[in-house]
Amino acid sequence: MTNRWVYSFGGGGAEGDASMKNLLGGKGANLAEMSSLGLPVPPGFTITTEACNSYYAAGRQYPADLAAQVAGGIGHIEQITQKTFGDAANPLLVSVRSGARASMPGMMDTVLNLGLNDATVEGLSLLSGDRRFAFDSYRRFIQMYSNVVLGLDHHSFEEILDDHKDRLGIDVDTALTAKDWETIVAEYKRAVERELGKPFPQDPQEQLWGAVGAVFQSWMNDRAKFYRRMHDIPESWGTAVNIQSMVFGNLGDTSATGVAFTRNPSTGDPALYGEFLINAQGEDVVAGIRTPQSLTKAAREEMGDRNPSMEEALPTVFAEFRDVAARLERHYRDMQDVEFTVEQGRLWMLQTRNGKRTAKAALKVAVDMAGEGLITQGEAVSRIDPAALDQLLHPTISPDAVRTVIAKGLPASPGAAVGAIVFSSEDAERRGAAGEAVILVRHETSPEDIKGMHAARGIITARGGMTSHAAVVARGWGIPCVSGAGDIAIDLKNRNFSVRGKVFEEGETVTIDGSTGEVLAGSVKMIEPELTGDFAALMVWADQMRRLKVRANAETPLDARTARQFGAEGIGLCRTEHMFFDEHRIAAVREMILADDESGRRAALAKIAPFQKADFVELFTIMEGLPVTIRLLDPPLHEFLPHSEEDLTAVAEATGLDAAKLMRRARELHESNPMLGHRGCRLGISFPEIYEMQVRAIIEAACEIAKSGKPAPVPEIMHPLVGKGTEMKFLRDLTDRTAKAVIAEQGVALEYLVGTMIELPRAAIRAGDLAENAEFFSFGTNDLTQTTFGISRDDAGKFLNDYIEKGIFEKDPFVSLDQEGVGDLIRIAAERGRAVRPDVKLGICGEHGGDPASIAFCEEVGLDYVSCSPFRVPIARLAAAQAALAKK
């Protein structure tokens with residue numbers, strides 16, 4: 001049976017539709033859908049993603065029957081257009097574009113005007129009656145094909161063009177004549193032959209298969225692989241190839257090309273938003289080669305632009321386009337990102353897809369569409385990427401800050417950032433990896449800059465518009481961006497830029513405001529955002545739809561207040577050791593460690609106890625009766641001692657402790673593998689007085705709150721690193737003995753829970769034993785991942801990327817839960833724990849508690865809550881709602 005590799009579209013019908021995105025890619029599926037809707041789509045066909053996967057599976061060889069099916073696809077286009085591919089008198093020209101199932105803007109390759117050669121360019125000239133247009137199209141094709149397919153640097157072609165314009169004393173491409181373009185085409189061809197030692201290919205069939213191969217190969221280029229890693233896009237998806245009849249936006253002043261969003265992708269405002277260029281091809285808009293004009297009159301006036309908008313320059317076709325855009329948004333029930341071309345007054349739709357947007361815009365669009373009845377509240381909740389909420393938690397420039405504006409560009413991606421100026425992607429990546437905040441400054445960005453863009457806190461480009469590569473990528477990542485800052489003159493040789501006579505050197509600090517398009521001198525005061533309006537509305541819906549509770553990991557008052565502000569329903573992990581490092585109590589901690597016997601330790605612990613109690617009183621007060629899980633001392637004691645001889649001596653002098661004794665004790669406590677050493681509950685068993693002090697402080701603090709008339713807390717006392725039921729019984733007895741004594745002393749009725757942190761495979765497997773004495777389990781997935789894999793999280797960075805690159809791990813298991821291995825242990829522990837104690841409370845408190853994929857797993861297993869860092873609480877609330885909706 002012959003595999004089907006090709007699906008055609010155009011002429012009012014299609015062989016595919018929007019539901020076939022996995023097979024046809026997003027672009028191909030939507031071209032088919034638009035064709036079936038009767039919209040004006042240039043005819044074409046799609047080579048499937050399965051053909052791409054077959055190509056790689058066969059060692060980069062095309063499937064045997066692909067050529068015949070492609071020939072049929074070309075025949076389909078020829079029949080509709082009444083043109084012939086490769087015919088000198090009536091040539092069919094095509095575009096060749098990539099199209100994966102997930103949108104990957106700028107990551108893969110495109111070739112326009114394919115089919116042009118020395119003969120067909122003459123035919124195009126005669127047919128169009130415009131020799132200038134024909135040779136402009138030919139030079140574009142040579143440059144694009146040479147770069148994408150033949151691997152030549154596009155800068156060498158730009159230099160030829162710039163030199164020619166300099167000789168003529170002109171600035172813009174549109175001022176060049178037909179003769180100029182003929183000269184440039186000849187120079188381009190000579191450059192190709194000089195570089196490759198053979199002429200530019202003239203055979204349209206050779207051109208076509210070269211372009212198809214380049215699109216398939218671009219699926220595995222460095223920038224595409226990096227983007228896939230960033231966005232969790234599997235390599236196995238492959239890319240489709242879309243081959244489509246060319247329509248020309250560079251065919252005079254009644255022709256144009258543009259990109260539009262049906263709503264504002266930065267703010268979500270319900271108004272058509274985008275840019276266009278008269279007498280241009282699509283790549284001119286998105287590549288930032290020319291600064292485009294506004295679509296609407298209102299946008300032009302807001303920008304203060306004098307060039308006419310599309311609404312003013314081409315009013316009839318604009319009205320048609322506005323109606324098509326509105327129809328597409330209603331059809332897809334989402335904000336659309338569309339590409340279009342106007343050829344001599346006739347509108348053609350080249351692409352539609354769900355538009356990438358900022359988190360702020362996503363919230364507004366979702367809430368507004370729910371209000372308009374276009375989608376349900378559940379759909380609104382499901383449409384927001386939980387991780388994208390991070391964008392809303394970044395600082396913005398304070399309204400009362402002094403703003404020394406040095407340049408103004410377009411507000412391409414909102415938010416604000418401060419950093420040192422760098423001029424190359426490599427420098428941004430290197431300095432960013434060292435922890436330095438940098439602002440990447442470029443003429444315009446290209447897909448090769450992607451790693452540096454990701455490393456930068458913000459991006460400035462001198463050229464390009466609101467839909468340029470820099471703008472689209474920055475918005476997707478929540479990185480502030482100012483594009484088209486034309487006043488900035490960049491001098492790459494001397495590593496500086498100048499603006500209005502002032503020079504800014506590499507390494508100087510600037511601030512950018514991506515919401516206004518301003519570049520500011522120096523470091524400017526920032527403020528945290530208020531999470532109200534659309535955010536608050538969506539969170540109310542999310543909270544109504546989720547089952548999982550969301551707590552925060554917090555031990556400081558600031559963390560606890562932040563957690564409450566973000567909607568946390570308790571504290572899922574309070575790490576008491578963090579309290580021990582405070583400068584006012586560390587000396588007493590060290591005194592306890594140096595003590596020769598229990599009485600000495602108890603004397604030192606008595607000095608720490610008031611601090612511990614005060615800590616818990618403050619936390620319980622802030623949390624107002626919400627649950628607070630307090631983990632008793634976990635790290636090995638040597639972590640509280642200085643490590644170098646110099647530090648030991650300094651501490652001894654400052655505290656009056658015996659330096660020799662400090663050194664001797666530090667040596668005694670040294671461990672070869674402290675992560676598996678004398679830590680966690682093992683400390684409480686060896687030195688029960690430590691845990692007794694902590695339990696007493698917790699219960700005394702809770703009693704004090706209860707006596708004050710405030711909401712009484714229900715403390716959850718958690719013992720770390722328990723592996724055996726007998727350990728748990730010892731610790732439960734210790735806790736109950738101490739707690740009941742305090743409750744009797746205080747004369748207060750108080751509830752408390754005793755539980756354990758599941759961090760060891762044995763604890764998970766023998767969870768039934770633990771549940772006999774533990775009323776709750778909190779899965780410490782950071783350590784459980786370490787002990788399951790036998791990988792140290794602190795050292796894993798040296799080799800984990802190799803595992804991800806080689807496909808051994810799909811994701812870093814410390815970032816997203818290993819659901820097969822660690823997840824199985826959680827399932828086993830939940831099942832066996834509930835078999836012994838049906839009401840055992842189950843939660844997760846590792847970093848995975850804020851990871852949406854891990855939260856979905858917690859919903860599936862039926863845990864009661866997740867706990868994460870305070871700033872990830874909104875992310876967890878939304879992810880928990882989405883997980884609950886997905887189960888329905």
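Modeller: Happy to! Let me begin with a term: two strands count as paired if DSSP finds at least two bridges between them. Please keep in mind that this is a predicted model.

With that in hand, look at the open sheet, whose three strands come in the order S21-S22-S23 with antiparallel pairing. Strand S21 (489-491) and strand S23 (502-505) are at the edges and have a single partner strand each, so one side of each has no neighbour in the sheet. From one strand to the next, the twist averages 25 degrees. Zooming in on one pairing, three bridges link S21 to strand S22 (residues 496-499) in the antiparallel sense. There you can find Asp-491, which stands opposite Asn-496 in S22.

Next to look at is a closed barrel. Eight strands form this barrel, running S27-S28-S29-S30-S31-S32-S33-S34, and their pairing is parallel. On average, neighbouring strands of this sheet are turned by 25 degrees against each other, with direction ignored. Strand S27 (residues 549-553) and strand S34 (residues 865-868) run parallel and are joined by four bridges. To see one of the partners in this pairing, find Val-550, whose bridge partner in S34 is Val-866. A helix packs on the sheet too: H27 (residues 688-707) touches strand S29 (628-631) and strand S30 (715-719). The direction of H27 makes about 170 degrees with that of S30.

Now for a helix on its own. In helix H25 (residues 659-669), the buried residues are Leu-662, Met-663, Arg-665 and Leu-669. These residues lie on the same side of H25, because they cover an arc of only 165 degrees around the axis. As background, an α-helix has 3.6 residues a turn, so residues three or four places apart point the same way.

Last, here is a pair of helices. The axes of helix H4 (residues 120-128) and helix H5 (residues 131-148) come within 8 Å and cross at roughly 145 degrees. The crossing in which H4 passes H5 is right-handed. On the H4 side, the residues that meet H5 are Val-121, Glu-122, Leu-124, Ser-125 and Ser-128. Their counterparts in H5 are Arg-131, Phe-133, Ala-134, Phe-135, Ser-137 and Tyr-138. Sorted by class, this contact of H4 with H5 has six nonpolar, three polar and two charged residues.

Key. Residues numbered from 1 in each chain as written. Predicted model: local features only at pLDDT ≥ 70, side-chain atom pairs only at ≥ 80, totals over all residues. Heavy atoms only, no water. Helix = DSSP H or I, 4+ residues; strand = E, 2+ residues; numbered from the N terminus. Axes fitted to C-alpha atoms, helices over the stretch in contact; angles between N-to-C directions. Contact = heavy atoms within 4.5 Å. Buried < 20%, exposed > 50% of the residue type's maximum accessible area, 1.4 Å probe, protein only. Arc of directions from axis to C-beta. Left-handed = near helix turned anticlockwise from the far one by under 90°. Nonpolar A, V, L, I, M, F, W, Y, C, P; charged D, E, K, R; others polar.
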